[in-house]
Amino acid sequence: MISTALDAYFPRLATMPELKAELISISSIVDIKAGTIILNEGEYIKIIPLLISGLAKVFKVEAVNGNEVLLYYIKPGESCIMSVTTLIKQQTSHVKAVIEEDSSVVVIPADKALQIAKKYPRWNEFIYDLFNLKFDELLNVIEILTFSNKDIRLLEYLKKEAHLKNTKTLQTTHQHIAYDLGSSREVISRLLKKLEVEGLVKLAQGSVTIVSN
């Protein structure tokens with residue numbers, strides 16, 4: 001099953017027979033429920049996850065007020081780049097990772113991941129490319145946070161969620177959105193109502209429908 005998962009979601013790693021065989025020998029597939037915290041700030045890295053289904057999110061917790069700001073998503077075919085870089089530095093984590101949707105994950109023990117990195121340039125190429133991808137996502141987050149007003153930031157968040165989940169209607173709550181954006185439910189409710197008045201979204205109990213393209 002691990003072999004099939006690598007072929008389908010991590011073909012770059014699977015096309016090198018020696019690397020694929022070693023990944024199969026050291027890994028396991030774990031099903032993780034939505035809402036599970038797989039990494040907390042201040043913890044040492046114990047595993048490197050390779051996501052094969054579902055969705056995960058990575059947050060930065062603000063030191064002053066404890067609010068959490070969404071940094072980037074982990075989608076099938078990806079891993080948590082912050083976990084990898086933190087592991088290499090042998091430091092504790094500066095971010096928090098949470099499973100957003102029920103997920104299946106190829107789990108690599110941290111010590112084995114370090115050995116893989118030393119033995120196989122192909123693994124490091126995969127990590128480097130993933131780092132570039134997530135760096136671009138982080139730049140987008142910084143741009144929205146720094147240069148956009150709150151309603152534009154909220155709309156961009158909703159569009160990205162809808163795209164990732166392949167739906168126009170998000171089954172979510174104002175509180176959950178506030179949690180992702182490091183805001184309060186009251187602020188999010190007010191901004192959602194503004195977007196609805198502008199004809200950009202439609203609100204219903206427990207859902208938000210994107211109207212704009």
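Predicted model: local features only at pLDDT ≥ 70, side-chain atom pairs only at ≥ 80, totals over all residues.
Strand S3 (residues 47-61) pairs with strand S5 over 11 bridges, and the sense is antiparallel.

Strand S1 (residues 28-32) runs antiparallel to S5, and 5 bridges join them. Here Asp 31 has Ser 104 of S5 as its bridge partner. Strand S2 (residues 37-39) is also antiparallel to S5, with 2 bridges. In that pairing Leu 39 stands opposite Ala 97 of S5.

| Strand paired with S5 | Bridges | Sense |
|---|---|---|
| S1 (residues 28-32) | 5 bridges | antiparallel |
| S2 (residues 37-39) | 2 bridges | antiparallel |
| S3 (residues 47-61) | 11 bridges | antiparallel |

How many of the 14 residues of S5 are buried? The count is 11, so S5 (residues 96-109) is largely enclosed by the rest of the structure.

**The chain as a whole**

The protein chain contains 9 helices and 8 strands. Its C-alpha atoms fill a box of roughly 60 × 35 × 30 Å along the principal axes. The radius of gyration is 18 Å. A compact globule of 213 residues would have a value near 17 Å, so the two agree.

Of the 213 residues, 43% are buried. The accessible surface comes to about 11,100 Å², and carbon and sulfur atoms hold 56% of that surface.

**Aromatic pairs**

The structure holds 4 aromatic pairs. One of them is Phe 10 with Phe 126: the ring centres are 5.8 Å apart and the planes stand at 80°, so this pair is edge-to-face. Phe 10 sits in the loop between helix H1 (2-9) and helix H2 (11-14), while Phe 126 belongs to helix H6 (residues 121-147). The pair therefore ties together parts that are 116 residues apart in sequence. Both Phe 10 and Phe 126 are buried.

Another pair is Phe 131 with Phe 135. Are these rings stacked or edge-to-face? Their centres lie 6.2 Å apart and their planes meet at 10°, so the pair is stacked. The stacked label applies because planes under 30 degrees apart count as stacked. Phe 131 and Phe 135 are 4 residues apart in helix H6, so about one helical turn separates them. In general, an α-helix has 3.6 residues a turn, so residues three or four places apart point the same way.

Phe 131 is partly exposed, with a relative accessible area of 39%. Phe 135 is partly exposed as well, at 41%. Phe 10 and Phe 126, by contrast, are buried.

Phe 10 and Phe 126 also belong to one aromatic cluster, together with Trp 123.

**Helix H7**

Helix H7 covers residues 150-164, which makes 15 residues. From its first C-alpha to its last it reaches 21 Å, close to the 21 Å expected at 1.5 Å a residue.

Which residues of H7 are buried? They are Asp 151, Arg 153, Leu 154, Leu 155, Tyr 157, Leu 158, Glu 161 and Ala 162. Just after H7 comes Asn 166, which takes a positive phi of about 55°.

Methods
Residues numbered from 1 in each chain as written. Heavy atoms only, no water. Expected span 1.5 Å × (residues − 1). Buried < 20%, exposed > 50% of the residue type's maximum accessible area, 1.4 Å probe, protein only. Pairing = 2+ DSSP bridges. Rg over C-alpha atoms; globule rule 2.2 N^0.38 Å. Areas by Shrake-Rupley, 256 points an atom, 1.4 Å probe, with all protein chains shown as cover. Phe/Tyr/Trp six-rings, centres within 6.5 Å; stacked < 30°, edge-to-face > 60°.
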